[in-house]
Amino acid sequence: MKKNKSLLLLLTLVLAVGTLLAACGSNGGNGATNSDAANGGNNTATDSGNSGEEKLAADQTLRINLSAEPPTFDPGQAQDSQANTVLNLMYDGLTRMDESGQSVPAAAESWDIDGAKYTFHLRKDAVWSNGDPVTANDFVFAWERVLNPKTTPAPPYSYQLYYIKNAEEYNKEKVTDFSQVGVKAVDDHTLEVELVAPTPYFLGLTSFYTLFPVHQSVKDDAKWAVDQSKMIVNGEFTLTSWIKGQTIELTKNENYWDKDNIKLSKINMSLVNSSATELASYQNGELDRAGHPNGEIPTDQIPILKDQLKDELQIKGIASTYYYEFNVTAKPFDNAKIRKAFSMAIDRQAIVDNVTLGGQVSAFGFVPPGIKGLEDEFRTENKDDYFTENVEEAKKLLEEGMKEAGYTTLPEITLIYNSSEAHKKIALAVADMWKKNLGVDVQTENQEWAVFLGNRQSGNYQVARAGWTADYNDPMTFMDMWVTDGGNNDAFFSNAEYDKLIQEAKGEEDLAKRQENFKKAEQILIGDEQVLMPIYYYTNVSATKPYLKGVQLDFSGAVDYSRAYLTEQ
């Protein structure tokens with residue numbers, strides 16, 4: 001989930017801003033997570049606005065599907081694309097991204113930037129859904145929750161606030177007084193933020209859900225984020241119904257400051273983890289949109305749908321990476337040669353040609369195409385050639401790794417993936433390649449999204465499916481998650497040189513040096529240590545009814561329905 005989600009925000013240092021997915025992750029959760037729970041998204045906006053010739057439908061109820069249920073609606077704890085989509089409808093950050101990728105006013109009506117100091121001026125007409133005013137102290141309260149080392153569970157995205165002076169020190173208990181952190185409410189409508197160093201993409205981060213405000217009534221209430229009756233929000237929609245495992249209903253927030261520009265009255269989300277059922281519902285007129293980033297279209301149907309739904313089906317590359325991650329503390333993947341052998345022994349092109357069928361591109365690095373570099377995108381300037389596929393070399397490395405680890409035979413290995421027909425097909429294909437090319441039997445195990453996410457976070461796995469979507473348009477959104485003890489570092493990787501390169505890049509104003517740091521760090525992550533096994537760079541595969549307008553799809557794969565509307569069919 002992570003996210004600056006549109007094109008590029010032109011900045012002084014040529015760096016562009018983006019929001020999350022997502023983190024999240026992965027499809028169903030990756031970066032952000034921004035993880036993602038389903039898959040990717042799209043890289044352009046599909047709608048230019050409500051033209052004068054269009055006539056709005058009488059019923060402004062949008063119908064979509066989520067293929068996985070968000071584990072939480074706490075902005076400070078979320079880390080997946082499903083939660084990202086819903087949270088962006090229920091909350092306003094200081095800024096939001098418009099369809100061209102620019103940061104536009106949201107809870108803040110304006111801001112001043114003076115080097116590393118940001119002063120946000122909050123709008124006086126912004127209120128919570130219960131009528132309370134939205135104040136600067138609500139942001140201070142929310143950010144302190146994320147950074148507080150006593151917050152349980154530890155927020156996975158706390159490091160996204162480390163750009164703020166003393167934020168990392170407070171989170172790691174080197175500073176114990178939060179008043180020393182560079183964020184303060186000057187008055188009810190003025191929020192002052194002091195960064196460690198000028199950070200061109202920080203403005204875009206303020207539209208990412210980890211930095212959303214939280215109503216202060218949630219203090220000491222551990223259950224508020226899973227109980228719709230306790231959710232007080234400041235965004236376009238409120239959560240009015242949540243039947244676990246079945247449906248989520250959002251209703252237009254009549255207290256929202258910009259309610260006159262919100263046309264949808266309701267958003268009904270089914271919770272169906274079946275791509276075949278989702279496609280059938282779309283074709284039967286029960287859904288207005290299907291596919292990524294929150295749902296899934298059956299991969300074997302894509303070639304057929306290119307003809308059947310040629311005016312509705314969209315396939316576009318996005319800044320998101322599909323990969324398997326190794327738990328580098330779990331045997332046998334605590335050995336780098338064994339990790340390399342497994343990565344070199346699969347045929348990525350065969351997977352995208354015969355399994356995924358959505359125009360994906362084989363990946364040999366972690367940072368995907370579409371992320372900003374110097375004069376061009378980062379991947380254009382730095383080729384993803386950190387390793388090659390070579391079965392004979394893989395066999396040799398596996399033998400060497402087993403000898404180093406003292407194995408005559410490998411221990412039992414299980415590959416886990418979250419519930420998805422596409423993930424299952426990929427896992428079976430990869431396991432078959434490992435059997436054929438390395439002679440290794442690998443069990444595959446499907447897990448429900450929340451369980452799967454918990455096992456990854458706790459290290460209760462050997463190798464796991466993952467995906468990561470950009471939270472903002474800079475290589476840092478992919479690289480800083482792997483620092484030692486990082487909140488999204490589910491591989492439990494630790495490398496002092498890697499940490500040093502990333503830390504230097506955060507404060508480096510020379511863009512060429514900064515980019516060189518990223519290149520060296522990616523070499524360590526992928527080329528030297530093979531912490532991850534990249535498989536492909538995502539595409540967004542989705543179908544949208546012609547009468548649905550105003551859906552904003554961005555470079556990272558995230559989707560924004562807040563300004564969508566339905567026209568007469």
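This is a short chat about the packing of one predicted model.

Visitor: What should I know about the source and numbering?
Guide: The model is predicted, so local features need pLDDT of at least 70 and side-chain atom pairs pLDDT 80 or more, while totals for chains, interfaces and linings use all residues. Residues are numbered from 1 along each chain as its sequence is written, and side-chain values use heavy atoms, without hydrogens or water.

Visitor: How many residues has the largest nonpolar core?
Guide: It has 155. Such a core is a set of buried Ala, Val, Leu, Ile, Met, Phe, Trp, Tyr and Cys residues joined through side-chain atoms within 4.5 Å. Buried means under 20% relative accessible area, exposed over 50% (1.4 Å probe, protein chains only). Trp143, Leu191, Tyr324 and Phe342 have the most contacts inside this core.

Visitor: Which helix gives the largest share?
Guide: Helix α2 (residues 136-147), with eight residues. Helices are DSSP runs of H or I, at least four residues, numbered from the N terminus.

Visitor: What is Trp143 in contact with?
Guide: Beyond neighbours within four places in sequence, its partners include Leu94, Phe178, Leu191 and Phe212. Contact means heavy atoms within 4.5 Å.

Visitor: Switching to α10. Which residues are buried there?
Guide: Ala394, Leu397, Leu398, Gly401 and Met402. They sit on the same side of α10, because their arc around the axis is only 135°. That arc is taken over directions from the helix axis to the C-beta atoms.

Visitor: And what is on the other side?
Guide: Glu392, Glu399, Lys403 and Glu404, exposed.

Visitor: What do the buried ones pack against?
Guide: Helices α7 (336-344) and α11 (421-438).

Terms used:
Helix = DSSP H or I, 4+ residues; strand = E, 2+ residues; numbered from the N terminus.
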